[in-house]
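Below is a short report on selected features of one model.

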Amino acid sequence: MDNKIAEIKQQFLSELEKAENSADLEAIRVAYLGKKGFVTELMKEMKGLSNEEKKTFGQKVNVIKGEVTDKIAEKNQELKEKELQKEIDSMPEFDISMPPTLGEGSYHPITLVQRQCERIFKSMGFTVEDYAEVVSDYECFESLNIPKHHPARDMQDTYYLENGQLLKSQTSAAQNAIYKKYKDALVNDGVPIKAIFPGRCFRNEATDACHENTFFQMEGVMVDKNISISNLIYFMKTMLSEVFQKDIKVRLRPGFFPFVEPGFELDISCLICGGEGCPSCKHSGWLELCPCGMIHPEVLKAGGIDPDEYTGFAFGLGLTRLVMMKYGIKDIRDLNGGSLKSLTQFTDDE
Amino acid sequence: MFLSMNWISDFVDLSGIDKMDLIHRFSLSTAEVENEIFFKGSDISGIVVAEIKEVADHPESKKLHLLKVDAGDGALTDVVCGAPNVRVGMKTAFAKVGAKIGEIEITPRALAGYTSYGMCCSEKEIGISDDNSGIMEITDDIANGTEIKDAYEVDDIIFEVDNKSLTNRPDLWGHYGIAREFAALAGRPLKPLDSVDLSKYDSLPQIDMKIEDPLCQRYSCLQVENITKNVSPVNMRIRLFYCGMRSINLLADLTNYLMLEMGQPMHAFDSRKVEKLRIKRFDTPFTFQTLDGTQRNIDENTLMICNGDTPVAIAGIMGGLDSEIVEDTTTLTLESATFDAVSIRKSTVRLAHRTDASMRYEKCLDPEMTVPAIARFVKLLQDVDSGVTVVSSLTDERAFEYDKVSLSFDKKFVDRYTGIEIDNDTIVKTLESLGFGVELKGDDFTVMVPSWRATKDVTIKADIIEEITRIYGYDNFDVHTTETPLYPVRPDTEKTVEDKIKDILVKRFSLHEMHSYVWMYYDECKDLGIEIEDNIKLVNATNPNIEVIRKSIVPTQLCQAKINNTYAPSFGIFEVGRVVDGLREDGLCNEKKKLAVTLFSKAKSMEELYFELRDMLATLALDIKHLSLSYETIEATHCYQHPKNLNAVILGGKAIGEIGIVHPTVSKKVDKKANIVYAEIDVRDFAQAAADAIKYEEPSKFPGIEIDLSFVSGKFAPIGKAIEDANCPLVKKVEVVDTYEDENGKSITSRITFAHPEKTLTKEEVMDVVGGIIADLESKGISLKK
């Protein structure tokens with residue numbers, strides 16, 4: 001019997017040696033430890049033995065059973081490690097320098113700069129208003145203290161439509177509606193009017209690299225009981241320093257616009273030279289940036305606001321001009337030109 | 001407009017003040033000064049008055065002469081000169097050896113064998129006129145050797161003010177008004193204009209003159225005789241030249257000089273041609289020859305100066321050729337008038353002829369200036385030509401008078417507007433220096449606006465604020481923030497939705513945002529075979545290619561797709577922009593804000609592309625509104641729409657747009673090989689759809705049951721609807737897991753996931769619902785695949 005045990009053991013060890021994967025090992029396990037396995041079968045041979053012999057033989061079978069179980073577990077561990085290594089080794093090395101294949105979308109540059117400005121104004125408590133492109137003569141002129149035959153209408157070559165309406169030539173066209181929208185809150189609850197209104201404007205003129213018949217402006221107004229010229233200067237300086245992300249010097253010069261009094265041309269210190277004088281500011285150190293002023297009493301009145309009680313300031317930023325300055329766009333027509341070669345370059349810029 | 005510091009200094013003593021600093025302050029306080037400032041005379045030196053004592057012909061040159069010149073230094077100087085106008089006894093400007101003209105230094109120089117020790121100069125060489133026909137002829141009695149700069153106002157600082165910045169300041173169209181600003185800025189007094197007292201001619205006869213049209217606000221005139229001189233004094237000619245005008249003759253120069261000095265245009269007629277001055281319009285159009293020789297069409301709106309019924313000048317614009325001063329004119333009639341500014345501006349536009357005079361009249365000139373201008377004119381004329389006699393009394397008629405403007409306010413008003421402290425004394429001094437009359441009682445101001453500011457410029461209290469603050473200087477302002485209470489800022493829903501749409505399309509679907517024009521592109525649409533549908537038009541477009549306002553962004557976007565058809569095999573573009581969908585009932589434009597998306601691909605199948613776009617729209621609705629879209633087949637109505645797969649996009653029960661395929665005829669013109677799909681959504685309708693709130697539901701801890709049902713049907717819509725109609729709360733998810741086609745037709749496999757929050761479902765529990773769905777579909781002819 002001992003010979004048989006030794007024979008089985010010898011055979012087991014030789015087969016175990018040959019096992020290459022977990023399937024082979026499972027087959028070996030079944031062949032030796034399964035219900036009809038060699039080790040299990042050995043127990044059946046105990047039937048004809050004496051009790052004493054049974055005890056000795058039983059112990060021997062148990063030993064070999066333990067040995068086989070341990071060896072299988074050992075082999076199993078070994079095979080698992082091998083397989084894991086094989087899996088690891090089979091992983092190819094990727095070329096991470098391959099160009100990206102996932103396409104990137106793009107915003108129109110006007111959207112990017114408009115959002116940047118909107119964020120600044122929102123942080124200072126301004127509402128962002130949206131306004132129509134087709135407006136009436138009243139909205140664009142009359143309500144802004146620009147009566148018929150006023151020379152200021154000559155300055156603006158306006159696109160008129162067949163029904164007497166027009167394409168707004170300035171974002172100021174939204175002023176009247178905004179005053180009317182918020183005047184009750186101003187008068188009844190003391191909520192100051194603080195609003196910006198970005199929008200598209202139209203001028204009937206020939207286009208070239210510097211002139212467009214379609215462009216964006218952003219108007220802003222603030223109305224309350226004691227809004228002063230001092231506030232206006234403070235505000236413009238703060239706001240423009242945020243827009244350009246550097247400390248900007250501003251200066252005001254008298255400027256004539258019918259909807260403000262006093263009216264100003266606002267210059268900022270040259271962004272290139274900081275005020276020293278360079279070719280881009282024609283050596284003056286200043287760039288003319290935006291018209292602004294104290295809202296004309298007639299304009300407030302047209303909006304239903306009593307100019308004896310309330311004052312306010314208004315300003316108009318050329319969004320299209322800001323975009324061109326920010327990204328160094330030389331031809332204004334690129335903005336509406338629809339070419340993906342230029343427009344796809346403007347990914348998120350927050 | 002060019003301005004002379006010398007001229008300004010006639011009226012205000014600016015000695016000891018840095019002129020450049022003052023000009024800079026003028027630019028910040030009054031009107032924009034152009035960057036380039038001209039230092040006249042700075043490039044010449046060593047030029048003196050000299051007399052030609054001898055003239056001899058050059059033996060070898062017909063043109064050259066050999067001169068002996070007395071330059072005041074004791075001996076005669078030898079000069080070789082090529083000018084044709086040399087003669088003995090003539091005084092001229094002489095550049096001595098060592099003199100400088102620009103970059104050139106005068107040295108002894110041999111000319112055809114003779115050495116010239118200096119150079120006789122033309123006016124152009126000195127820079128005081130553009131006359132280069134001969135050497136300067138000096139007729140004034142000036143000692144030889146006198147520096148030309150001492151003899152005449154050659155040295156001057158000339159600066160240019162942007163005319164646009166003067167549109168609202170009629171008083172600044174002459175040096176006197178500018179000098180008033182400089183006086184205020186420098187804190188120095190403004191000198192009165194030197195003029196004659198016209199009342200001494202009151203006993204002389206009146207001129208037969210009558211204003212017959214109220215468009216002439218005031219007409220003042222005077223007759224003078226016995227003018228003997230024809231050439232203007234050198235200094236006058238220099239000033240005119242420096243300010244951009246050519247010297248013509250004494251009378252023309254004087255009218256120009258006066259216009260540049262006082263801003264008042266004047267005209268001189270031959271008195272024989274204006275015996276019966278009438279100012280009126282004519283009922284019927286005619287042609288009229290102006291003094292520049294041009295025949296101009298005059299219509300019934302143009303105000304004319306007439307001799308009886310014969311027109312002699314276009315009021316405020318230009319005189320007529322027939323009434324001009326001619327050689328045998330003995331008596332002349334001086335006109336100094338003001339006209340209705342709008343009328344002059346319109347006539348100027350009609351005639352397409354803008355003159356220095358009309359440019360000033362357009363600004364609403366001060367009608368109180370007409371008489372002082374005549375008084376000043378006579379003074380200047382008599383200074384030059386002392387024999388001139390006045391032969392009429394001042395004849396002056398007004399047909400219109402401006403209201404006197406008086407404004408009252410208090411110190412608090414100034415404080416509130418400025419936000420800084422400016423004391424009463426400063427306010428009074430500032431306003432008075434600008435010519436305002438000021439009365440101050442306690443803190444209450446009453447301000448009388450001077451006539452030259454009262455025509456349109458200063459009419460309200462806020463205008464006074466500007467006067468005070470601009471002279472105070474905006475650079476001197478103490479700036480501070482506002483003291484307004486805080487209130488929440490509520491964002492505009494439509495704007496927020498628009499921003500989200502853009503973010504999703506760019507960030508999630510890699511689309512590219514475009515901008516375009518609000519009108520149809522005729523040429524580009526024609527190339528694509530897209531018909532320009534009738535819609536409201538621009539009435540004054542200068543470019544015939546842009547006339548009809550677009551109803552939809554889609555045609556525009558197809559034009560853009562064509563521009564980019566070689567950019568990449570696949571791309572997607574979108575725009576949020578405006579369109580006008582015809583007129584509303586009230587006749588106003590029905591303006592809408594639309595989102596248009598176009599996908600272009602040479603790589604993807606039409607079906608892939610179409611569903612890609614469908615999924616983008618569905619994502620927008622799910623992400624922004626937590627709502628599902630539904631679709632309804634619609635008929636094609638535009639030439640760019642493919643008749644198949646054209647669906648209305650429905651959100652919350654309302655059609656908000658459409659999704660479709662581009663018609664092959666148009667598509668092939670965009671690109672022969674590309675598949676193109678588009679969608680257009682009304683942004684306002686989308687924004688206004690009520691969003692579904694997020695309703696949180698505890699995830700069931702019990703496993704759900706998935707049931708796959710295959711139906712013989714190509715469409716999911718009826719299946720989805722049947723499941724929805726079953727209205728079973730246990731249905732958690734519905735998906736399409738497979739679609740395929742075999743000989744039995746198209747079939748679709750949908751997977752329904754059931755779950756119960758509190759227990760494990762058994763198959764039996766859901767089979768009732770499934771049975772109902774199957775029965776519902778079978779009743780509609782859609783059978784379960786066995």
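The report starts with conventions and then takes the features in turn.

Residues are numbered from 1 along each chain as its sequence is written, with chains lettered from A and ligands numbered from 1 in the order in which they are written. The model is predicted: local features need pLDDT of at least 70, side-chain atom pairs count only at pLDDT 80 or more, and totals for chains, interfaces and linings use all residues.

The model has ipTM 0.85 and pTM 0.85. pLDDT is the predictor's confidence in each residue, from 0 to 100. For chain B its mean is 93, and 100% of the residues of chain B reach 70 or more.

**Strand β6 of chain A**

Helices (H or I, at least four residues) and strands (E, at least two) are DSSP runs, numbered from the N terminus. Two strands pair if DSSP finds at least two bridges between them. A residue is buried if 20 or more other C-beta atoms lie within 10 Å of its own, exposed if 12 or fewer, and partly exposed in between, with C-beta atoms placed from the backbone.

Strand β5 of chain A (residues 193-202) runs antiparallel to β6(A) and is joined to it by 10 bridges; R200(A) has F216(A) as its bridge partner. Eight bridges link β6(A) to the antiparallel strand β10 of chain A (residues 311-318), where F315(A) is the bridge partner of G220(A).

**Sheets of chain B**

One open sheet has five strands in the order β12-β15-β18-β19-β20 (chain B), with mixed pairing. β12 (209-211) and β20 (318-319) of chain B each have a single partner strand, so one side of each lacks a neighbour in the sheet. Strand β19 of chain B (residues 310-314) runs antiparallel to β20(B), and I314(B) has M318(B) as its bridge partner.

Another open sheet has three strands, in the order β24-β26-β25 (chain B), with antiparallel pairing. Its edge strands are β24 (406-410) and β25 (437-441) of chain B. The bridge counts of three strand pairs are listed here.

| Strand pair | Bridges | Sense |
|---|---|---|
| β5(A) and β6(A) | 10 bridges | antiparallel |
| β19(B) and β20(B) | two bridges | antiparallel |
| β24(B) and β26(B) | five bridges | antiparallel |

In the last pair, S406(B) stands opposite M448(B) of β26(B).

**A helix pair in chain B**

Helices α6 (residues 234-242) and α7 (residues 250-262) of chain B pack with their axes 10 Å apart, at an angle of about 60°. Axes are lines fitted to C-alpha atoms, for helices over the stretch in contact, and angles run from 0 to 180 degrees between N-to-C directions. α6(B) and α7(B) are therefore oblique to each other; angles under 35 degrees count as roughly parallel, over 145 as roughly antiparallel, 65 to 115 as roughly perpendicular and the rest as oblique. The contact involves M236(B), R237(B) and L240(B) of α6(B) with D253(B), N256(B) and Y257(B) of α7(B), where contact means C-beta atoms, placed from the backbone, within 7 Å.

**Backbone exceptions**

The peptide bond from E261(A) to P262(A) is cis, with omega near -5°, and P262(A) lies in strand β8 of chain A (residues 260-269).

N145(A) is not a glycine, yet has a positive phi of about 65°. N145(A) is buried, with 21 other C-beta atoms within 10 Å. N645(B), also not a glycine, has a positive phi of about 65°, but N645(B) is partly exposed, with 16 other C-beta atoms within 10 Å.

Key:
Two residues are in contact if their C-beta atoms, placed from the backbone, lie within 7 Å.
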